[in-house]
Amino acid sequence: ALGGGSLAAGGGGMALGTAVLGGATLGVGLLVGGIIFNVTGSKLSDKADEAYSQAKRTEEEVNKIVAYFKELRTSAGNFKTALNSAEEQYRKRLNVLDCIVNQWRKQDWADFSAQEKKTTENTILLVGLLYRMCQVKLVLKSEKEYDLNTVNKSEIDKTVGNAQKLLETIKGQA
């Protein structure tokens, strides 16, 4: 029937019927294939959009972490420099104090010269400074589990400033 009847009756016969059926099947196949391709393409497009969005969020998080580590490196570097300077001045004065007490056998405060008393006082000031510096928390723990910790910049800057003031005050004194 699809071929227009038999060949004897002037139709296309089975060959034409098969061709028409194949063409109709091809059209339906193309239609179904197009729908499937459209749905699949749409899903792939959605996944690509989701992946792009996730990549942007990841980039933002990485940028936050990099900025955090830069701030930490700068603050910790400043703190380390101040700590090393204070420790160096402490060691110098401690060596002089060791010589005064252990080599010269001065143990009575009244026997100390004005310069030796100043050295003792400065050593004590440096011990206090080093103790306070060791108490400073460079990083404050975040209250939320997944948030970044905070660089304790204000406390670090304050302590570094105090160290610099003390070191300038005792500079040149034994």
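This is a predicted model: local features need pLDDT of at least 70, side-chain atom pairs count only at pLDDT 80 or more; totals for chains, interfaces and linings use all residues.
Ground rules before we start. Residues count from 1 along each chain as its sequence is written, and side-chain values use heavy atoms, with hydrogens and water left out. Local features need pLDDT of at least 70, side-chain atom pairs count only at pLDDT 80 or more, and totals for chains, interfaces and linings use all residues.

Salt bridges, then: a side-chain nitrogen of Lys or Arg within 4 Å of a carboxyl oxygen of Asp or Glu. The whole structure has 7. One of them joins arginine 91 to glutamate 87, with the closest N and O atoms 2.5 Å apart. Both sit in helix 1, 4 residues apart, about one turn. Helices here are DSSP runs of H or I, at least four residues, numbered from the N terminus. Glutamate 61 bridges to lysine 64 at 3.6 Å. An α-helix has 3.6 residues a turn, so residues three or four places apart point the same way.

Next, glutamate 116, in helix 2 (residues 114-135). Is glutamate 116 buried or exposed? Buried, at 9% relative accessibility; the cut-offs are under 20% for buried, over 50% for exposed, partly exposed in between (1.4 Å probe, protein chains only). Its side chain makes a polar contact with the side chain of lysine 106, at 2.8 Å.

Last, helix 3, residues 153-170. Its buried residues include Ile156, Val160, Ala163 and Leu167. The face turned away carries exposed residues, among them Lys158, Lys165 and Glu168. Glycine 172 follows helix 3, with a positive phi near 85 degrees.

Conventions:
Helices (H or I, at least four residues) and strands (E, at least two) are DSSP runs, numbered from the N terminus. The expected span of a helix is 1.5 Å times one less than its number of residues. A polar contact is a pair of N or O atoms within 3.5 Å; within protein, one must be able to donate a hydrogen and the other to accept it, and residues adjacent in sequence count only if both atoms are side-chain atoms.
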